[in-house]
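User: I would like to go through some strands and helices of this model, with the reasoning spelled out for each answer.

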Amino acid sequence: MIKNYIKTAFRTLFKNKGFTAINILGLALGLATCLLIVLYVVDELSYDRYNTKASRIYRVNEDLKLGDNNVLYAVCMPPLAKTLKAEYPFVENVVRLKNAGSWHVKKGNVNILENRLAYADPSMFDIFTLPMVNGNASSALEEPNSVVITETTAKKYFNSINVVGKTLVLNDNTPFKVTGVIKDIPKQSHFNFDFFLSMATWPDSRSNEWLQSQYNTYVLLKSPSDAKKLEGSFPELLRKFSGEQMKAQLNMTIEAFEKSGSYFRMNLTPLTDIHLHSDRSGELGPNSTTQYVYIFSAIAIFILLIACVNFMNLSTARSSNRAREVGVRKVLGSSRKYLIAQFLTESILVTFIATVIAFFAAALLLPLFNQISDKDITITAQSLSWILPSLLFIVIFIGSLSGSYPAFYLSAFQPIDVLKGKLSTGFKGGRLRSFLVVFQFSISIFLIIGTMVIYNQLNYIQTKNLGYNRNQVLIVQNVFELNKQAKIFKQEVKEIPGVINATMTGFLPTSNWKSTAIYFKDATLDQKKSMFPQSWEIDEDYINTLDMKMAAGRSFSKDMQTDSAGIVINESAAKFLGFDGNGINKTLYRSLGGKQTLANVKQYHVLGIVKDFNYSSLRENVGPVVMTLAENTGALSIRVNTTNLPALLAQIKDKWKGVSPNVQLNYSFMNQEFDASYRTEQRTGQIFIVFTSLAIIIACLGLFGLAAYAAEQRTKEIGIRKVLGANVSAIVSMLSKDFIKLVFISILIATPFAWYFMNKWFLQGFAYRVSIQWWVFALAGVGALLIALITVSFQSIKAAIANPVESLKNE
């Protein structure tokens, strides 16, 4: 019997090849898209789960509120790690990591700039699952100036992984002994370093300072249930250890500190939550957000629903041709259950074919999808263990669901009504199909509006006045490699034709260089009148080179020796301190650490107030910034104005080689660094456009099927109207208006939902954002109407120009 069902199903499908192709294409497209999104979501949720002890690993965080300043840190104090291990028996092990920044690593006579280095404690390999392929994991990072590298790095510098005992020279004069080689860290990790330098190399690693934070600290608990116990003990731990230093330096206890409205707290973040749930100062790498996981999960569900709805619509559109078949089968003795089984077999067969096509299509499109999403997703044996059962479930579930309407509806026809031609009365009620069309296009219009909002926000980011000019600024990295020659290099570069100005500092609006300090408003050193701003070291050319604007006062001048005791603050700092634009020559007191007395602070006077500039993501408001005049050789930013950039670059490279022939010149452009900071949003916009386009295509296939169904049911009516003199445009209008009404209803439904969710789920994540204008909804609506009209018109015109003789010859 089953063999007969399948045989009949194939015969029916081949009989209607066009219909079958459209049906399979729509479903396969929806399933392939859904599968790609699911792979993306699974990849996002899998971060750090490669660690076999992941469920027991937690990162310790700090929350600091000082006056009106509130900062969330992913780093902790130097002595915390050893204290946790010594004080709490349920803490199995602890490890500290510290981002080491950029170093030059010598290969032959060339120094290569590497950016993925970190200091790590010896317990690193006991806590994290980083298999060592060469070396002893338990002792690899015990000695100063030892380093563990990844397989790829070993091959890069030694063309081998058997390199234990060999030496790497960093920054041209610091030798490190290679004590281990580990497998490359999976990309699904919240940190991804190529070099792990022994923590013993870092001089401050043995500090007993409890009021400084610079180490990412991870604890391995004996049981996940111990996490709440450890968090509950943090207040007492801080009172015991930090309290003593706070009393000595701030002349107050932690209790008094908290009574003043400030606080100093610690908490835990599970390792597997860091990637999607943490955005703190001092993260070891850029993290993502659950926002995008939710958005793409919703899109996957929507597209899958659209594909299923299409299947039902297209099946219904052709079902009238099967009505007489049903009547004849029933007259010949076939029961309803066998007819239901026949229709469900056909539906499941089509779903199976579409699913197979979808799987291979997704596999073929995966490299392109990886390129767009900046992922490295692969279909492995492990992923197939859940993909194949899921696809089998989809075949059965969607096949049964999508085929249920035509199966149960057609099988219920009375043979006498069907064979007498009374079928049409049973097809007048199209409420379900109308609902499905409205549902499809509501989702499509929602996605169109969402895509336009994302595009407008990205365009706003690119065009917003940031308070500085990032265009035509060349950044030469790591100028500190030049040592005492750095100033000479800057001066020689400024003399090159085409160079307008240059400033030497690593503190740039687009860089990751950040530093904070405590400033007091008056000599009382009252923390209620304190400020915890960004504290940047700049030179006298900084403001002019970056084309910043002064709101009041002046910038630093090399002709004014007293400027070493001056500062330039931004408008946010002036507002925070209550200066209201009248802060010139006001005095601020900077804490130098240790006991907070006048003997332990440095006094500055305000030279000028610079207009606010965005130095971090537009997701955040501009905070207070204080700039001091000091030498900082982190980078050299060069403003250029030339039509021959390659020639200018060649001259800069020659100047670099003149002062440092063995160190590689590394440079970037400020506008590129700015764009890189919003790469996540740009990728999201691209993915949104792709998925929205696919959703519209799938929805149009459903509308095409419904238009075909309507035209088919009204063939004789169209023939009679043409005989009575109706022209083609009148018939097209008659067939199209009902569908256009449905799309218009979809616009009314989708618009408020799109406005609400794009404001709540996307735009509210930006401190600086666009407002959703009325024309966005109008353009999306008009676009949807045009797409629907073109889709429907194809079938309408085809029906309108048909010869009426063909439809009426049997009457």
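User: Is strand 6 largely enclosed or left open by the rest of the structure?
Analyst: This is a predicted model, and buried here means under 20% relative accessible area. In a regular strand the side chains alternate between the two faces of the sheet. On one side of strand 6 the buried residues are Ser 146, Val 148 and Thr 150, and on the other they are Val 147 and Ile 149, so that both faces are covered. Because five of the five residues of strand 6 (residues 146-150) are buried, the strand is largely enclosed.

User: Which residue of strand 9 stands opposite Ile 149?
Analyst: Strand 6 pairs with strand 8 (residues 174-182) in the parallel sense over five bridges, and in strand 8 the residue opposite Ile 149 is Val 181. With strand 9 (residues 195-198), strand 6 pairs in the antiparallel sense over three bridges. In strand 9, the residue opposite Ile 149 is Phe 195.

User: Which residue of strand 23 stands opposite Leu 474?
Analyst: Strand 12 (residues 473-477) and strand 23 run antiparallel and are joined by three bridges. Across this pairing, Leu 474 has as its opposite residue in strand 23 Phe 669.

User: What arc around the axis do the buried residues Met 670, Glu 673 and Phe 674 of helix 19 cover?
Analyst: In helix 19, Met 670, Glu 673 and Phe 674 are buried. They lie on the same side of helix 19, because the arc that they cover around the axis is only 100°.

User: Which helix is included in what covers the buried residues of helix 19?
Analyst: The buried residues of helix 19 include Met 670 and Phe 674. What covers the buried residues of this helix includes strand 12 and strand 23, and also helix 14 (431-463).

Definitions and conventions: Residues are numbered from 1 along each chain as its sequence is written. This is a predicted model: local features need pLDDT of at least 70, side-chain atom pairs count only at pLDDT 80 or more; totals for chains, interfaces and linings use all residues. Side-chain values use heavy atoms; hydrogens and water are left out. Buried means under 20% relative accessible area, exposed over 50%, partly exposed in between (1.4 Å probe, protein chains only). Helices (H or I, at least four residues) and strands (E, at least two) are DSSP runs, numbered from the N terminus. Two strands pair if DSSP finds at least two bridges between them. The arc is that of the directions from the helix axis to the C-beta atoms. Contact means heavy atoms within 4.5 Å.
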